[in-house]
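This briefing covers selected features of one predicted model. Please examine the sequence and the structure before reading the points below.

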Amino acid sequence: MARNFVCVLLCFVAQLQFSLAGQVDSLESVPDLEKSMYFNVDGYPCVRLLNLSGEIGCANPGREKVVAPIIRFNNVNELVHSSAVLVSLDDMQNFFTRVSNDQNFAKRVGGVLIESGTGMQNKPKGFSPVDKFPQAEFSPYQSLNYEWNPAGFGILRNSYNFPVFLLSPESTLLLQEIVNKKEKNNKAHTTDVAEFDLVMQTTKAGTHDSESCLKEQSCLPLGGYSVWSSLPPINISSSEQPKPILLAVASMDSASFFRDKSLGADSPLSGMISLVAAVDALSHIDGIDKIKKQLVFLVFTGEAWGYLGSRRFLAELDMQTDAVNGLNSTLIEMVLEIGSVGKGFSQGVKSFFTHATGSSPAVNEALSAFRHAGDSLGSESIKITTANSSNPGIPPSSLMAFLRKNASTSGVVLEDFDTAFVNKFYHSHLDDISNVNSSAIISVASLVARTLYILSSDKEPSISDLSSINANSSLVEELLGCLLTCEPGLSCGLVKDYISPISTCPNHYVGVLVGEPSSTPYLEYVGDVSRFLWNFLAERTSTPRENTGFSCSRDCSKTGEVCIKAERDGKGSCVISTTRYIPAYSTRLKFESGLWNVLPPNSSDVMGIVDPVWTESFWNVIGLRVYKVQTAAYDRWVLFGGMAVTILAYLAILVTQAIITKVQKRD
């Protein structure tokens with residue numbers, strides 16, 4: 001009997017050796033072993049932002065990583081311990097509503113994994129994480145309860161002491177498979193956990209508002225660089241009477257609950273692309289330099305976070321800095337803003353609405369020009385309608401900053417909606433290229449180009465003159481692919497013809513302002529989209545120079561010239577153009593001696609009084625991975641089992657020794 005037992009034990013040891021040898025052959029290094037144990041998960045984090053009164057966004061609650069077992073949200077009524085909750089996009093609003101209303105539930109949320117949904121654009125519910133009246137504190141009127149954004153439910157400005165990630169499509173499938181296997185095998189001795197590394201520097205430093213974190217240098221202010229350009233170029237040294245200014249504006253930045261997933265296809269990129277295509281169309285008109293008014297095109301950044309771009313532009317105008325050299329606020333006759341226009345298509349008719357600041361002669365002239373331009377498009381079936389008079393005022397837009405600065409400003413905002421947003425995904429990661437109609441954007445580009453030409457001409461243009469002004473549809477389609485998709489993304493030929501992009505996948509979150517703000521910034525501190533727009537607009541609004549044989553790498557020697565396309569190989573070309581960067585950051589901030597300081601409120605800056613002063617926390621690394629751990633019950637079973645095996649082995653040895661001794665005595 002003992003001999004049989006020894007044989008079985010030897011066979012088991014040999015089999016174990018072969019098994020381990022096979023594993024060693026397949027795992028040749030420590031990284032191989034780590035890859036077999038841990039799955040790095042691709043996703044987009046919700047990060048920690050701060051303002052003067054506190055924090056918003058998401059982060060680990062302390063200085064350590066968070067590890068929690070994964071559980072599906074719709075399978076639990078209560079959380080009994082800290083858990084990583086897998087939430088479908090359809091349930092996201094219900095989940096955060098419960099977090100707000102159920103503190104016992106909220107304190108057991110270790111982290112949140114949001115599945116990337118498909119087909120949401122076809123659902124009637126919509127998803128918008130901002131308020132029903134976005135940025136109402138900057139409104140020039142008092143109806144702050146008006147619902148411009150019916151789909152809004154306001155989680156963007158809440159603070160959550162747990163990490164939240166939006167999963168990529170591939171990672172969504174991986175997590176769904178893991179949870180499905182766990183649900184089918186409840187008796188498994190292992191459990192799958194998610195490890196969240198979303199530790200913010202402001203948490204480590206204990207700085208929980210913008211003023212303290214800027215002082216301790218654990219954050220940076222939100223901001224970037226707006227771009228403006230004039231057509232034709234402005235001759236600053238000319239003694240002639242300056243022309244009245246027609247200011248055409250749009251925005252380049254969006255927002256989202258997830259920092260790196262802010263595309264803003266309809267709001268606001270559709271308007272920006274329309275404006276850029278309109279500039280291109282106007283640049284091909286013969287004799288454009290003879291128009292009676294000065295066309296100025298301005299693309300703001302930071303508008304989604306307290307109208308940083310437009311407010312800073314107006315402040316720079318007041319101070320007459322180099323960033324606005326050639327412009328004067330008293331010369332601005334009309335502000336024409338291109339807002340969300342990518343959804344202006346209904347039942348075969350492209351419908352757009354003009355939201356005006358009042359009924360001044362300049363406004364009435366602009367509305368008439370819009371109608372004239374719309375009629376000239378003929379077969380394209382564009383319908384231009386004045387917004388409902390029951391609206392409390394203009395919708396959320398950069399024009400609000402102009403009105404708060406000067407209530408008599410004449411302005412019109414062109415939108416694809418009348419009384420409320422038709423974009424169900426305003427400031428959401430779902431506002432992507434599938435949420436806009438390219439033909440609507442092309443039509444608006446032609447409409448805007450013709451409207452500006454009508455307003456700037458000394459006599460009413462003929463139908464034949466207007467008919468020759470058309471947006472380049474190929475340019476619009478290319479811009480959509482470059483600015484709203486990852487393939488080709490910013491590596492597209494159009495963008496690479498002007499700059500060397502840092503990233504491929506576009507993201508229109510404003511980012512943070514690095515270094516000292518300047519009208520001639522260090523280009524590594526300027527975002528890809530701002531640099532592209534600067535180069536594109538500088539070329540399109542330029543006039544020919546006499547000698548084109550010289551290349552440039554940064555600056556040009558002659559006054560009024562700028563160096564474009566220098567990023568590609570350091571061999572750019574000088575053109576005559578009035579195109580400049582304008583820093584976009586809070587008017588309550590000042591950069592001194594390498595540090596940002598918060599200025600006290602100024603009664604002359606009405607919007608500065610309500611300015612939150614947004615900042616973003618530093619972090620070392622952001623990561624998310626999934627792996628298996630053994631359950632505590634299984635660990636105890638292994639312990640007791642090991643003890644039992646040890647005791648049995650010891651007894652077996654004693655028995656074997658006794659048998660062998662007995663056999664030897666017989667011999």
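Pro-268 is found in helix H8 (residues 265-283), where helices (H or I, at least four residues) and strands (E, at least two) are DSSP runs, numbered from the N terminus. The peptide bond that joins Ser-267 to Pro-268 is cis, with omega near 10°. Residues are numbered from 1 along each chain as its sequence is written. In this predicted model, local features need pLDDT of at least 70, side-chain atom pairs count only at pLDDT 80 or more, and totals for chains, interfaces and linings use all residues.

**Backbone**
- A cis peptide bond also runs from Leu-231 to Pro-232, with omega near -5°.
- Pro-232 belongs to the loop between strand E12 (224-231) and strand E13 (245-251).
- Most residues other than glycine have a negative phi, and most peptide bonds are trans.
- Gln-320, in the loop between helix H9 (308-319) and strand E15 (332-338), has a positive phi near 50°.
- His-427 has a positive phi near 50° and lies in the loop between strand E18 (411-415) and helix H12 (438-456).

**Exposure**
- Buried means under 20% relative accessible area, exposed over 50%, and partly exposed in between (1.4 Å probe, protein chains only).
- Gln-320 is partly exposed at 44%, whereas His-427 is buried at 7%.

**Helix H16**
- Helix H16 (residues 528-540) has 13 residues, of which 11 are buried.
- The buried residues of H16 include Asp-528, Arg-531 and Trp-534.

Methods. Heavy atoms only, no water. Expected span 1.5 Å × (residues − 1).
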